[in-house]
Amino acid sequence: MSQTPGIDPALFAPSAITPETAAFNEKLAVAMAAETPLAEQEPADVRRAQVEGRGPFAPLVLDENAENRTIPGPAGPIPIRLFRPPGEPQGVYLYIHGGGWVLGAFDQQDDLLAASARRTGCVVVSVEYRLAPEHPYPAGPDDCEAAAVWLAERAAAEFGTDRLVIGGGSAGGHLSALTLLRMRDRHGFTGFRAANLLYGAFDLSETPSQSQAPQQYIVPLPAMRWFYDHYAPTQDRRDPDVSPSYARLHDMPPALFSVGTLDPLLDDTLWMYARWVAAGNAAELALYPGGVHGFNLMPNLEIGREANRRMDEFLAAAVAD
C-alpha cells in the first residue's frame, strides 16, 4: 500500500516563524488592539473606512488599465472588473473577493489582480457580488454563479479562450467552492481547470481553530460570528450550500489550498483539503508558518509574496497548453 507524506508538524512550531513574520504579527496585534472591534461596528461604517483608507485599511490604489463593465445577473446587472495580461490571453480567472460576505469590492485588490494577470497570462474577471446584510444568503452565491455561467458561455467569444480557472480568499474562497458545486449540480458544467482556494471559510458552523486560534489577529471569533450573522442569519450552517465542506465533492478541479498557521480558518482549509482529496480530486496544500488571515495582502511580507507567486504559478500551469 502506497502512502503520501503527511503534514509536517514542524511547520506549526514557533521556530518555523521567520523573524520578519513574527515582528509583523506583533505590530499587527498592537494595531488591532487600538481599533474598535469589528463586531461593535456597523457594516456601512467599515466599508466607508475601507474606501477612505482609515484605521487598519491601506488607501486604495486603482489600476488605470482595469476595465469595468456589467453582465446579466439574477437581480439586475452584475459589475465586473477586468485585468488583461500582456499578449494573447491563455485563460480566464474568475476572481471572487473576500470580506466576510459583508465587506470588500471588486476594485479593492487591483495591485494583486493586475500582477496575477501578468504572471498567469489570464484575463482576471473580478466580480462585484451583492453583500450582506442588505443582501444575505443566497444573493452573493447567486451572483457568483451567474458570473460563472456567463464565462462558461461567453469566455471564448469575449476573450479568445475557454480555459477557465476560479479562486479567491476568505469569503471568496468559500464562494469559489460554492460556485464550482453549483456549476456541477445545476448546470452540468465541470470545465474549470483549477481552483485557487485561499484561507476559505468552508464551515460556517465554527471549527475548533475558529474558537481556539489567537484572537488578536484580523478575525477573532466575535468578528467571525458578526460576519456569519449578517450573511446567513437563519440558515442551517451545515447546509452544503452554506458550508461547502459538507457537500459531496466529486468531480472538482485540481485545487491549491493555502493558509497561514495562525489563521482562525486553518481547520477549514485542512478539512476541505482532505475531503477534496478523499473525493478523488487532485489538490495541493500550502501552509505558511505564522501567517495570519489575509497575510498575502500585507505589504512587504515575504511569506505573502511567496504565496502569491505560488498561486499564480499554479494557475498559469492550469491554463497552459
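Guide: Let's begin with the largest cavity, which has a volume of about 40 Å³. This is a predicted model, in which local features need pLDDT of at least 70, side-chain atom pairs count only at pLDDT 80 or more, and totals for chains, interfaces and linings use all residues. Residues are numbered from 1 along each chain as its sequence is written, and side-chain values use heavy atoms, with hydrogens and water left out.

Visitor: What makes a space a cavity?

Guide: On a 1 Å grid over the protein atoms alone, a cavity is a set of points where a 1.4 Å probe fits but cannot get out. Grid points are joined across faces, edges and corners, and the volume is the space filled by probe spheres set on the points. The structure holds 1 cavity of 30 Å³ or more.

Visitor: Which residues line the largest cavity?

Guide: Its lining, meaning residues with an atom within 4 Å of a point, includes Leu 180, Arg 184, Phe 189 and Asp 251.

Visitor: Why is strand 7 called largely enclosed?

Guide: Buried means under 20% relative accessible area, with a 1.4 Å probe and protein chains only. In strand 7 (residues 255–260), 6 of the 6 residues are buried, so the rest of the structure largely encloses this strand. A strand here is a DSSP run of E with at least two residues, while a helix is a run of H or I with at least four, each numbered from the N terminus. Ala 255, Phe 257 and Val 259 point one way, and Leu 256, Ser 258 and Gly 260 point the other.

Visitor: How do you know that strand 7 pairs with strand 8?

Guide: Two strands pair if DSSP finds at least two bridges between them. Strand 7 and strand 8 (residues 283–288) are joined by 6 bridges and run parallel, so they pair.

Visitor: Why is the pair of Phe 202 and Phe 257 called edge-to-face?

Guide: Rings of Phe, Tyr and Trp (its six-membered ring) pair if their centres lie within 6.5 Å; planes under 30 degrees apart are stacked, over 60 edge-to-face, and the rest tilted. Here the centres are 6.2 Å apart and the planes are at 75°, so the pair is edge-to-face. These partners sit 55 residues apart in the chain.

Visitor: How do you know that Phe 257 is buried?

Guide: Phe 257 has a relative accessible area of 0%, so it counts as buried. Trp 276 is likewise buried, at 0% relative accessibility.

Methods:
Buried < 20%, exposed > 50% of the residue type's maximum accessible area, 1.4 Å probe, protein only. 1 Å grid on protein atoms, 1.4 Å probe; cavity = no way out; pocket = protein on both sides within 12 Å on 5 of 7 lines; lining within 4 Å.
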